[in-house]
Amino acid sequence: MKDMQERHFGENEDWSWHRKHGYSPVINVSGTMTGLGASRAAADVASATAEAMGHFLKIHEIQTHASRVIAALTGAEAGCLTASASAGISLSIAGCMTGLNPARAEALPRDPGPRSEVAVQMGHLCGYGAPISTAIELTGATVRQIGQSTLAMDHQLEAALGPETAAALYVVSHHVVHYGQIPLRRFAEICHSNGVPVIVDAASEYDLRGFLQDGADLVIYSGHKFLGGPTSGIIAGRRDLVRAAYLQNMGIGRGMKIGKESMAGAIRAMERWMERDHAAIRAEEKAALDLWMSRLAGMPGILPRIVADPTRNPLDRLQVEIDPAQAGTTAAAVCRHLGELDPAIIVRDHETELGYFQLDPCNLAPGQAEMVGAVLAEVLRDAASIPVLPGDDDRARNGGARGYLGWLAEA
Ligand SMILES: *Cc1c(COP(=O)(O)O)cnc(C)c1O
């Protein structure tokens, strides 16, 4: 195994930053995961972030700049930046509760006021590392559940909306139930005919315009996922509601504040997205997928295929199904094994109970596609030697909590 690592990982990869600080080298083929540092910033995004560190400025001015760039990027009237998409959800909801009333903003969450319910389809009440209901309830609002997990009907949404409704939240994500949910256009029609604004959590979605076109009043994106910015959240939409969300920095938003450096980096990342050659990046990702496909072809019990993203992001992945009877191991065991290599290869493992894992090509550094293909081929050629351990089955499910509980656990 040591020998294999020396052959494939070679010297062309620079792990000196990791080695200097004692961090484990990681090759991320799982996606934009908070637990792995989300994304890698391009050099100009990093330098824009660093450059801001040396200056004072009027903070509302850089938020005005951000608003203009968010408007250009999304087609929205206005926008603002905050600490994260999760913060964006809380601030957007709080803004819908208080409007432009600073006294009411300061009173949250203690006094949620007369409009304090947030309607959400039950199938959208997901987690993204934390429960989305927590992002709602941090404001003092309560969740008004619509329908059942796999079915929401128009009349159920209608019946839930009233004078106590502050907003309705709609989630677009691989984390939510993918059938039986009200389409956004219909959802927005029903909400608007009842005078209720619609907030869309699209943290991880490449579509920066479609949700506003489909009727969203506010849309929230992560700055540090596909956009490759520093840790940040983007709120885009109706000017009055963006202003009310921004006002929350006088209250619950203080602990969610974004600094000048992250704003400068997020602005550069958004500009870059508008400039970048998306077709060329897709072609690179496609080349990685084709390479991996060819490396895994013809192995007994290993069934690779290219699959589309569940929310139609323009990003395909390689899905590797493992037939335990033929391969002599399981998808979950392979994920563990790859994660124990040095550098660790972290694959997309949250559906391993269905017998497969996935490789996401969106975060590859130069040379890593070849490296991952070679290591994967070598590991899977000898798949039967990977033992199936008792913890494998539930690692993806319980790993989040175990990670936190394990931290500093040994005094
Ligand atoms: C990642 C994600 C979030 C949280 O984003 P952060 O910017 O990390 O707070 C919220 N909602 C969805 C659907 C996500 O995928």
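The questions and answers below go through these topics in turn.

Student: What kind of model is this?
Tutor: Residues are numbered from 1 along each chain as its sequence is written. Local features need pLDDT of at least 70, side-chain atom pairs count only at pLDDT 80 or more, totals for chains, interfaces and linings use all residues, side-chain values use heavy atoms with hydrogens and water left out, and the model is predicted.

Student: Is glutamate 117 buried or exposed?
Tutor: Buried means under 20% relative accessible area, exposed over 50%, and partly exposed in between (1.4 Å probe, protein chains only). Glutamate 117 has 17% relative accessibility, so glutamate 117 counts as buried.

Student: Which side chain does the side chain of glutamate 117 join in a polar contact?
Tutor: A polar contact is a pair of N or O atoms within 3.5 Å; within protein, one must be able to donate a hydrogen and the other to accept it, and residues adjacent in sequence count only if both atoms are side-chain atoms. For glutamate 117 the distance is 3.1 Å, and the partner is arginine 144.

Student: How much of the ligand's accessible area does the protein cover?
Tutor: An oxygen atom of the ligand is 2.8 Å from a polar backbone atom of alanine 85, and a nitrogen atom of the ligand is 2.6 Å from a side-chain N or O atom of aspartate 201. Accessible areas come from the Shrake-Rupley method with a 1.4 Å probe, and for residues only the protein chains shown count as cover. On its own the ligand has 380 Å² of accessible area, and the protein covers 92%.

Student: Which residue has its backbone nitrogen 3.0 Å from a polar side-chain atom of histidine 224?
Tutor: Histidine 224 lies in the loop between β7 (218-222) and β8 (233-237). Histidine 224 has a relative accessible area of 9%, so this residue is buried. The backbone nitrogen at 3.0 Å belongs to serine 232.

Conventions. Helices (H or I, at least four residues) and strands (E, at least two) are DSSP runs, numbered from the N terminus.
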